[in-house]
Amino acid sequence: MTQRESGRETAGGSTSESNAAMPGDSGSGGNERVMLALGGNAMTAPEGNASPKEQREAVERAMAHVAALVHAGHQVILTHGNGPQVGNLLLKNQLAADVVPPVPLDWCGAQTQATIGVLVLNALAAHGVPSAAVVTRTLVDPDDHGFRHPVKPIGRYFSEDEAKRFQELGQRWHRFEKGWRRVVASPEPLEILDAPAVATLMDAGYTVVAAGGGGVPVVRAPDAALHGVEAVIDKDLAAAMLASAVRCTSLLIATNVPHAQVGYGTPQARPIGRIGVDELRRLAEEGHFGEGSMGPKVEAALRFVAGGGRRAVITSLESLGEALTGDVGTRVEV
C-alpha cells in the first residue's frame, strides 16, 4: 500500500500505521516531522492590531521561521490561532445585524482558516516552500459539559443594551469588569476529521497549514451527518491531537514568552527548562499555569509526549530554529 493510501485507511481522521518510514522515525537525530502551533500573536501586529496589512506582515515574519525549519530538512505542519480574526467577523455580525443575518460561529472559524491559510501560502511561496491549506473540522461531543456551561469569552466588550440585543438571538453573554462579552462552549476535541487529507498532502511533500483556531467544531448526528456548532476549540489541544494523528515526532508551541514558568508574576518566578511528563503534570495540578494562557499549552505538550511523541517545546517564535537542536524553551520529554 502506498503512503497516500495508508493516509486514508482509518475512517474519521486518525491515520493508520504504515510500513513507510517517516522523518525522525530512526531516532538518530535526523530530520523530523514537526507540528508547529502558532499563537495568535504571530498573526497580528505586536500591539495586537489586526488590519489586513498588519496581518499580512505578521504572517510573513512568522513564515520566515517556518521556511527556515523546512530548508533545514524538516517536514512541517502548522496550525494557528484566530482569535483577533474571529473577533473582527463577530463585530461585523453585530454592526450589521439589522441589515443581514449574523453568520454562525463555525462559519467564522472556517472563513478565518481560509483567509489565514491564503496569507500563509503566499508567504511561504516567497521562500520557495510548496504548501497547502486544509479547512479542517474537529469532532466534538454534543453532550460535552461546555455546552451546558459556556465560559469561553470571544469578541469584544459591549454595553448591556448591545448584549441584550444579541441575547434575544439566542447568544450567551456575561458581564465582565470591562463590560459585557459573549461566551461560548469550549468542548474537548475528540477527532480531527480531516487528518487523512493532511497526511496525504504531507506525504506528497507539502508544508500544510491545518486546524486553524482548533478546527471548525462539528457534531455527528444519529444519521452520521455532520453539523457545525457554536463553540471554540482550544487550538493547542487540537494541534497536539493532529500532531499525533499524522505521526509527528515533535510539537513546537510558539508563544510570546521563551519558557513556561513556575510562580509566574511573583518574585519567586523561575523558568522551566527540560522537564519530564510526570513532573510537569504535578506542577499543572498544583495550579502553576493559567487556564486561559499557559495552561492549555502545557496540557497539549503533556498529551502529545504521553501519547508517544518524542518531545514538545514551548518557546518564543524567535527561538524556533533552536527548538529541535538546542536547549531553548520548556522542553517536555518522557
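Two strands count as paired if DSSP finds at least two bridges between them. Helices (H or I, at least four residues) and strands (E, at least two) are themselves DSSP runs, numbered from the N terminus. With that settled, here's a walk through the model.

This is a predicted model, where local features need pLDDT of at least 70 and side-chain atom pairs count only at pLDDT 80 or more, while totals for chains, interfaces and linings use all residues. Residues are numbered from 1 along each chain as its sequence is written, and side-chain values use heavy atoms, with hydrogens and water left out.

**The eight-stranded sheet**

Let's start with strand β1 (residues 33-38) and strand β2 (residues 75-80), which run parallel and are joined by six bridges. Within that pairing, V34 stands opposite V76 in β2. Both strands belong to an open sheet of eight, ordered β3-β9-β2-β1-β12-β16-β17-β15, and the pairing is mixed. At the edges you'll find β3 (131-134) and β15 (274-276); each has a single partner strand, so one side of each is left without a neighbour in the sheet. On average, neighbouring strands of this sheet are turned by 20° against each other, direction ignored. A word on angles: they run from 0 to 180 degrees between N-to-C directions, and axes are lines fitted to C-alpha atoms, for helices over the stretch in contact.

Helix α2 (residues 52-71) packs against β1, β2, β9 (207-210) and β12 (250-255), and its direction makes about 155° with that of β2. Helix α8 also lies across β1, β2, β9 and β12, running at about 170° to β1.

**The three-stranded sheet**

There is also an open sheet of three strands in the order β5-β7-β6, with antiparallel pairing. Its edge strands are β5 (152-158) and β6 (172-176), each of which pairs on one side only. Neighbouring strands here are turned by 35° against each other on average, direction ignored. Four bridges join β5 to strand β7 (residues 179-184), and F158 has W180 in β7 as its bridge partner. Helix α3 (residues 83-95) lies across β5, β6 and β7, at about 55° to β5.

**How the helices pack**

| Helix pair | Axis distance | Angle |
|---|---|---|
| α3 and α4 (residues 105-125) | within 9 Å | roughly 130° |
| α8 (residues 235-245) and α10 (residues 294-306) | within 8 Å | roughly 15° |
| α2 and α4 | 9 Å | about 55° |

For naming these angles, under 35 degrees counts as roughly parallel, over 145 as roughly antiparallel, 65 to 115 as roughly perpendicular and the rest as oblique. A crossing is left-handed if the near helix is turned anticlockwise from the far one by less than a right angle, and right-handed if clockwise. As for residue classes, Ala, Val, Leu, Ile, Met, Phe, Trp, Tyr, Cys and Pro count as nonpolar, Asp, Glu, Lys and Arg as charged, and the others, Gly among them, as polar.

Take α3 and α4, whose axes cross at roughly 130°. That angle makes α3 oblique to α4, and the crossing is right-handed. On the α3 side the contact uses Q85, V86, L89, L90 and N93, which meet L105, C108, Q111, T112 and I116 in α4. These residues divide into six nonpolar, four polar and no charged.

Helix α4 also packs with α2, at about 55°, and the two are therefore oblique to each other. Here α2 passes α4 in a right-handed crossing. Q55, R56, V59, E60, M63, V66 and A67 of α2 make the contact with L119, V120, A123 and L124 of α4. The tally for this contact is eight nonpolar, one polar and two charged.

The axes of α8 and α10 cross at roughly 15°, which makes α8 roughly parallel to α10. This crossing is right-handed as well. K235, D236, L237, A240, A243 and S244 in α8 meet P296, K297, E299, A300, R303 and F304 in α10. The contact divides into six nonpolar, one polar and five charged residues.

**Salt bridges**

Side chains of opposite charge can pair when their charged atoms come close. Counting a salt bridge as a side-chain nitrogen of Lys or Arg within 4 Å of a carboxyl oxygen of Asp or Glu, the model has 20 of them. One of these joins the side chains of R165 and D98, at 3.3 Å from N to O. R165 lies in helix α6 (residues 160-167) and D98 in the loop between α3 and α4, so the pair ties together parts that are 67 residues apart in sequence.

Definitions and conventions
Contact = heavy atoms within 4.5 Å.
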